[in-house]
Amino acid sequence: MTAADLARVDADLFRSVLRRQAASVTVVTAAGDPPAGFTATSFTSVSLDPPLVSFCLGRDSSSWPTVDRAGHLAVHLLAEGQEEVARIFATSGIDRFATHTGWHRGPHDVPIIDGALAWLLCRPVQRIPAGDHTIVVAQPIVGRHDLDGDPLVYHAGRYASLAEGPGVNLL
């Protein structure tokens, strides 16, 4: 490989490289008036002792003001078959909670998405500015998981499952 084979990392190259990383699809929700929720593939574990998780959210997102003020939030690991839930919470300019009615208020009034493979109710402990996003580090307090089922996965611009076969196109 020569220097001529290398490309400067711009937004397009960066996005293209990261599309090749498979990620579980999560929806993060926070109580508010109105409540906030968004689809994220940036969710990850941070620490086991104490238990900590993180996700990233753009500060220009309509969900950011509510998430920034939230004392509690929920992270939902979507199950295969919940592509429509992921699409709704990834769509801007709509009332996501009116469009997707399969949810209920959980502890601390945080919206809980029905049918998720697992969810964690968390308390944010750090908000770290990083470029045009903020990294939210949160401590799980309570949670629930389904012992059966597979997660919804996002890879190469489409939703997929762990089962053999083609994924579902995002658009």
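Guide: Helices (H or I, at least four residues) and strands (E, at least two) are DSSP runs, numbered from the N terminus. This is a predicted model, in which local features need pLDDT of at least 70 and side-chain atom pairs count only at pLDDT 80 or more, while totals for chains, interfaces and linings use all residues. Residues are numbered from 1 along each chain as its sequence is written, and side-chain values use heavy atoms, with hydrogens and water left out.

The side chains of Arg87 and Glu84 meet in a salt bridge, 3.9 Å from N to O; the term means a side-chain nitrogen of Lys or Arg within 4 Å of a carboxyl oxygen of Asp or Glu. Arg87 is partly exposed, with a relative accessible area of 23%, and Glu84 is partly exposed at 49%, where buried means under 20%, exposed over 50%, and partly exposed in between (1.4 Å probe, protein chains only).

The structure holds 3 salt bridges, and another of them joins Arg127 to Asp68 at 3.8 Å, N to O. Because Arg127 lies in strand β9 (residues 118-130) and Asp68 in helix α2 (residues 64-69), this pair ties together parts that are 59 residues apart in sequence. Arg127 is partly exposed at 30% relative accessibility, as is Asp68 at 36%.

There is also a salt bridge between Asp109 and Arg105, whose closest N and O atoms are 3.9 Å apart; Asp109 is partly exposed at 41%, and Arg105 is partly exposed at 40%.
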